[in-house]
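Here's a quick walk through this one, from the sheet to the ligand and on to the parts to treat with care. Have a look first.

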Amino acid sequence: MCVLVCALSRGGEREQRERGRFVKIGLTGADMLLGIAASIFLFISALLSYTFTRAHTRRRRPQQRKAKLPPGPVGWPFIGETLQLYSQDPNIFFANKQKRYGEIFKSHILGCPCVMLASPEAARFVLVTQAHLFKPTYPKSKEKLIGPSALFFHQGDYHTRLRRLVQGSLSPDAIRSLVPHIESIAISSLEAWAEDRIINTFQEMKKFSFDVGIIALFGCLDSYYKEELKKNYSIVDKGYNSFPTNIPGTAYSNAFLARKRLSQIVSEIIIKRKEKRLERKDLLGCLMNSKDEKGQSLTDDQIADNIIGVLFAAQDTTASALTWVLKFLHDNPKLLEGVKAEQIAIYESNGLGKRPLTWAQARSMILTYRVILESLRMASIISFTFREAVADVEYKGYLIPKGWKVLPLFRNIHHNPEFFLDPQKFDPSRFAVYKNVAPKPNTFMPFGNGVHACPGNELAKLEMLILIHHLVAKFRWEVVGSQSGIQYGPFPVPQHGLPARFWKESVCQRQEAEASFEGDSSCHSLPPISI
Ligand code: HEM
């Protein structure tokens with residue numbers, strides 16, 4: 001019911017604004033006619049849902065003597081507050097609501113009655129302590145493209161089993177051996193960007209995070225399979241947010257076919273591994289070797305859904321975060337020089353890059369690490385997540401009726417001055433332990449919280465650290481064109497994907513820059529702190 005078919009026209013681009021997890025933009029002209037059908041579908045869905053919600057609320061009222069629905073309007077009949085949400089910056093929509101109604105409020109968007117939660121305690125209640133009462137919820141059309149057996153969509157034993165496997169293969173111990181591989185991907189990406197052209201930073205970061213994802217999931221993969229995965233994945237990516245229909249030639253149906261091919265490719269890779277009796281410790285290997293307590297292995301479809309799902313979860317999120325890191329560093333030259341100093345010290349200790357970066361070095365990049373954390377807070381890549389109440393739930397005297405969507409609002413929490421002083425200021429030092437102002441528990445959740453929290457967070461941070469190391473130690477970049485504005489696709493990305501020009505810095509340029517920086521010591525002399 002919550003399939004989002006509202007397409008907005010902004011900055012000349014048709015941009016779909018579904019806000020949440022792992023959902024991407026990409027409607028094409030072929031879908032224009034379907035837009036009308038979509039609107040009718042949405043209208044009817046909203047009408048049915050609205051009528052149901054009203055009836056549901058009325059029917060329950062006599063029994064619910066104590067608990068009442070959270071405050072907040074449900075908007076216009078049928079369409080709820082969908083238009084309000086989509087006619088303004090969604091952050092402002094949520095922030096205004098929080099100002100007016102407090103930390104729990106209700107709304108009705110896109111045919112779904114929702115309860116929004118903007119306090120750390122409430123987010124913890126839904127995601128951690130009472131997680132069994134709130135199931136993950138995605139539109140069916142998206143589920144079909146990712147793969148219904150992917151762990152995101154599940155709760156209980158199956159989820160626990162899959163999660164253990166995914167988390168194990170992405171744990172610090174497992175990914176430390178990936179450092180040289182990620183380093184070589186980072187170096188070749190940067191060399192390609194510095195070819196005297198303007199690049200779309202976000203798109204290039206997507207290629208980088210895709211390649212890193214492939215390494216983490218498959219280890220070293222035959223280049224034929226890698227290209228096939230890339231080609232079909234990009235078709236899925238394009239159709240992911242289009243109107244779901246099987247009509248041949250539409251973006252969605254192309255995506256669906258490409259998704260089937262992705263499964264076939266993964267099956268072929270599995271067959272090849274079995275033939276060669278290859279025992280690998282990457283995610284594919286872990287999934288192939290897994291047996292449950294009854295000795296049952298996972299089916300090829302279950303394996304493919306999880307491989308493709310993890311790749312999906314890894315790509316745009318990390319690419320968006322990296323694009324923001326570059327934007328914030330570009331906008332804060334003094335901070336950039338501090339990060340440069342940190343990275344050049346490591347680069348020089350490696351004989352100007354003659355020796356490879358080590359895991360320990362990546363873990364010692366204190367200032368760079370703080371810049372990443374602060375970028376994650378500021379950008380709040382996953383602004384909120386969705387759950388659905390599986391029963392009537394009472395929280396602090398408020399009723400969350402069964403079937404309602406529940407949205408913990410990470411961004412509101414990350415931008416609340418009660419938890420982060422002067423929240424609009426980019427200030428990595430707020431994560432410095434010596435300041436004794438480290439975020440309070442449950443106030444900083446860029447990777448979520450609880451049973452569905454991001455198992456890829458260590459990999460995401462590692463690949464960011466490695467890319468930034470080579471970027472700032474050897475390259476410079478300038479942003480081209482407009483430098484402000486945010487685009488949602490659905491993850492927030494700087495306007496137009498941050499077009500930028502990169503070039504390799506000569507040693508003398510670097511020395512000149514260092515000399516001018518020496519006059520200013522504001523970014524130096526950070527005491528050693530453990531991450
Ligand atoms: C900066 C980059 C990333 C951010 C901000 C991010 C954020 C998140 C968040 C907030 C969730 C929880 C969603 C929820 O509770 O509904 C999540 C889940 C997930 N993430 Fe990430 N993620 C990132 C990178 C990655 C990477 C690199 C991988 C894998 C290599 C990954 C794999 C996953 C998976 C598989 C889940 C679902 C876990 C489950 O349902 O049990 N993510 N991510």
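Predicted model: local features only at pLDDT ≥ 70, side-chain atom pairs only at ≥ 80, totals over all residues.

## The sheet

Two strands count as paired if DSSP finds at least two bridges between them. Strand 5 and strand 7 (residues 387–389) run antiparallel and are joined by three bridges. As background, strands of a sheet pair through backbone hydrogen bonds, either parallel or antiparallel.

Zooming out, there's an open sheet of five strands with mixed pairing, in the order 3-4-10-7-5. On average, neighbouring strands here are turned by 35° against each other, ignoring direction. Lying across strand 3, strand 4 (112–117), strand 5, strand 7 and strand 10 (405–408) is helix 4 (residues 120–129), which runs at about 125° to strand 10.

## Around the ligand

What surrounds the ligand? There are 27 residues around the ligand, and the closest are T317, T385, G448, C454 and G456. By type, the shell around the ligand splits into 18 nonpolar residues, seven polar and two charged.

Helix 6 (156–169), helix 9 (201–218), helix 13 (300–331) and helix 18 each put at least two residues into that shell. Helix 13 gives the largest share, with six residues.

## The chain as a whole

The protein chain has 19 helices and 14 strands. Of its 531 residues, 45% are buried. Take the contacts between residues at least 6 apart in sequence: 76% of them join residues at least 24 apart.

Mean pLDDT for the protein chain is 85, and 82% of the residues reach 70 or more. Where is confidence highest, and where is it lowest? Helix 18 (residues 457–474) has the highest, at a mean of 98, while strand 1 (residues 7–10) has the lowest, at 28.

Two stretches deserve a note. Residues 44–53 have pLDDT below 50, and this stretch has 16 contacts in the model beyond near neighbours in sequence. Residues 519–531 are also below 50, with 18 such contacts.

Conventions. Residues numbered from 1 in each chain as written. pLDDT = per-residue confidence, 0-100. Helix = DSSP H or I, 4+ residues; strand = E, 2+ residues; numbered from the N terminus. Contact = placed C-beta atoms within 7 Å. Near = placed C-beta within 6 Å. Nonpolar A, V, L, I, M, F, W, Y, C, P; charged D, E, K, R; others polar. Buried ≥ 20, exposed ≤ 12 C-beta atoms within 10 Å, placed from the backbone. Axes fitted to C-alpha atoms, helices over the stretch in contact; angles between N-to-C directions.
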